[in-house]
Amino acid sequence: MKNIIILCLMLFIISCKSESKENKKEEKKVDNISAKVLEDAVLTAGKLIRVDSFPTKHITPRPVDVWLPENYSSKKKYAVLYMHDGQMLFDETTTWNKQEWKIDEVASKLMKEGTTKDFIVVGIHNIAALRWLDLYPEKAMSFLTNEELGSVKSLSNNDVALEDLTGDEYLKFLVEDLKPYIDKTYSVYTNKENTFVAGSSMGGLMSMYAISQYPDVFEGAACLSTHWVGAQPIKNNPLPNAILTYLEKNVPDAKTHKMYFDYGNKTLDQFYSEYAPKVDSIFLNNGFTDANFKNLFFEGTDHSEISWQNRVSIPLTFLLKK
């Protein structure tokens, strides 16, 4: 009996050492990319790992956060959810407005309940001065007239020319640089059926654009408070029609994709309801049904992380449901 107890203790120690090594993997370099655990991150559950300046030739390098759920293990596989505005997702103590999505809390609850498949979250930080340039669906500009193109500068409230747009380059960064790194570094499924993208406002536009441009990479997109106005909400704005025309001509295949949209009616969200019927018609006329398409209205909700945190369980469940 004594020998059995000693053997069990030895096996336990070996197992702990193995798990310890596994947990430290994220701190090692992969392809000369250094990542570190954010020990001071205020989380409800899981662990946050950051690459301070993700190397890329496509866009201006910026931080990328990877959230791993509690009890993450290389012995199993996880789906991956890529999200924009990564600095707003997990820790309100570090955000500009002291709000967050509470992704770690909501995701942990859904997985623990068995509502969704197991998944990790990859948050791409924005650079405030470049956010509009990075997240605007660049190819939508081809549906503007020459006269309308000339108004881009005033509409965007940015001192930019059309060639300054980086939406296509942003997606190349995500698909060609970031995804291969995540696939190699973490224990994840690499197929389309387990790869998703989500964001709000301009991040909602970019999520729609990502799945439209790369339908073989992403199975589903969640687009909260999608900024259909494209820039400033002004009269005679040509951008919404250009964006929706682009979408109409690039709808992902209804047989193999899921699309989620939503909107409220306060602050910026008040400008989105007029586009809801057109969004509905685009998807319903292309074979989508209630099973794989949502465009939900939330009465009394505004354009803020608080609003999105209060309903983010709905799109997460829709995309990642077991």
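Accessible area here is the area found by the Shrake-Rupley method with a 1.4 Å probe. I looked up this area for the chain, in a model that is predicted. The total comes to about 15,000 Å², and 52% of it belongs to carbon and sulfur atoms.

Next I looked up the overall make-up. The chain has 322 residues, of which 53% count as buried. I found 11 helices and nine strands.

Then I turned to helix α6, residues 167-185. Its 19 residues reach 26 Å from first C-alpha to last, close to the 27 Å expected at 1.5 Å a residue. I noted a kink of about 35° at Leu 178, shortly before Pro 180. Leu 178 is also one of the buried residues of α6.

In helix α11, residues 313-320, I listed Pro 315, Leu 316, Phe 318, Leu 319 and Leu 320 as buried. Seen down the axis, they fall within an arc of 165°, so they line one face of α11.

Last, I went through the aromatic rings. I have 15 aromatic pairs. Tyr 72 is in the loop between β3 and β4 and Tyr 186 in the loop between α6 and β6, so the pair ties together parts 114 residues apart in sequence. Trp 101 and Trp 308 have ring centres 5.6 Å apart and planes at 35°, so that pair is tilted. It links the loop between β4 and α2 with helix α10, 207 residues apart. Trp 101 is buried at 2% relative accessible area, and Trp 308 is buried at 3%.

Note on methods
Residues are numbered from 1 along each chain as its sequence is written. This is a predicted model: local features need pLDDT of at least 70, side-chain atom pairs count only at pLDDT 80 or more; totals for chains, interfaces and linings use all residues. Side-chain values use heavy atoms; hydrogens and water are left out. Buried means under 20% relative accessible area, exposed over 50%, partly exposed in between (1.4 Å probe, protein chains only). Helices (H or I, at least four residues) and strands (E, at least two) are DSSP runs, numbered from the N terminus. The arc is that of the directions from the helix axis to the C-beta atoms. The expected span of a helix is 1.5 Å times one less than its number of residues. The bend at a residue is the angle between axes fitted to the seven residues ending there and the seven starting there. Rings of Phe, Tyr and Trp (its six-membered ring) pair if their centres lie within 6.5 Å; planes under 30 degrees apart count as stacked, over 60 as edge-to-face and the rest as tilted.
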